[in-house]
Amino acid sequence: MKQQQRKHSIKRHTNETKIELAFAVDGTGQSVIKTGIAFFDHMLDLFAKHGLFDLQLTVDGDLDVDFHHSVEDVGICLGQAFHHAMGYCQSIVRFSDVTLPMDDSLSQCVIDVSNRPYLKFNAVFSNAKVGQFDTELVQEFFQAFVNNARINLHLNLHEGTNVHHQIEACFKAFAVCLDRATR
């Protein structure tokens, strides 16, 4: 019996953002991402690559205001796409725990694909910004994803001094952990 493909597409248009997203759980790590926020594009590309997800994403957001609406709305759309792609979540591993290094940084991610949203975010970044990107938006992204994907996520940053590496460790650990939980 052939397994149904776990993928979903979303179009979301608000006063702040216009988003088109296609997401496949069972991908090969391919991505085409254009949010207008270079650092965020980089993190989402790493998420797709290390989670073996396929992700196509275009965002036209109110970047002249700040990056908040675009980052949060991407989390909403990606979470919704994940939730719809997973369907009833039957016959999956469901739980996963990954500890992942990125040079000086060490992040731990624990997931339960439970249909119950909860985020425990234990990460204090060494700087308020990496380039033009506000580091507080990392938590906003994960909160939006969790609420819409309906998963339980604990994300802990244990070590690190380089803020780029700190955030990268979080996104990579999340990607690998989510991939393992959905097998």
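In which sense do β5 and strand β6 pair, and over how many bridges? In this predicted model, the two strands pair in the antiparallel sense, over 8 bridges, with β6 covering residues 105-112. One of the bridges joins methionine 102 to serine 105, the latter lying in β6.

Let us now turn to the whole sheet. It is an open sheet of 4 strands in the order β5-β6-β10-β7, and its pairing is mixed. The edges are formed by β5 (95-102) and β7 (118-122); each has a single partner strand, so one side of each is left without a neighbour in the sheet. On average, neighbouring strands are turned by 10° against each other, direction ignored.

Two helices deserve attention beside this sheet. Helix α3 lies across β7 and β10 (152-159) and runs at about 160° to β7. Helix α4, residues 163-181, packs on the sheet and touches β5, β6 and β10. The direction of α4 makes about 150° with that of β5.

I come finally to a pair of helices. Helix α2 (residues 68-86) packs with helix α3 (residues 136-149) at an angle of about 30°, and their axes are 7 Å apart. Because angles under 35 degrees count as roughly parallel, α2 is described as roughly parallel to α3. Their crossing is right-handed. Among the residues making the contact are Val71, Ile76 and Phe82 of α2, together with Leu137, Phe141 and Phe145 of α3. The residues of this contact divide into 10 nonpolar, 6 polar and 2 charged.

Methods:
Residues are numbered from 1 along each chain as its sequence is written. This is a predicted model: local features need pLDDT of at least 70, side-chain atom pairs count only at pLDDT 80 or more; totals for chains, interfaces and linings use all residues. Side-chain values use heavy atoms; hydrogens and water are left out. Axes are lines fitted to C-alpha atoms, for helices over the stretch in contact, and angles run from 0 to 180 degrees between N-to-C directions. Angles under 35 degrees count as roughly parallel, over 145 as roughly antiparallel, 65 to 115 as roughly perpendicular and the rest as oblique. A crossing is left-handed if the near helix is turned anticlockwise from the far one by less than a right angle, and right-handed if clockwise. Contact means heavy atoms within 4.5 Å. Ala, Val, Leu, Ile, Met, Phe, Trp, Tyr, Cys and Pro count as nonpolar, Asp, Glu, Lys and Arg as charged, and the others, Gly among them, as polar. Two strands pair if DSSP finds at least two bridges between them.
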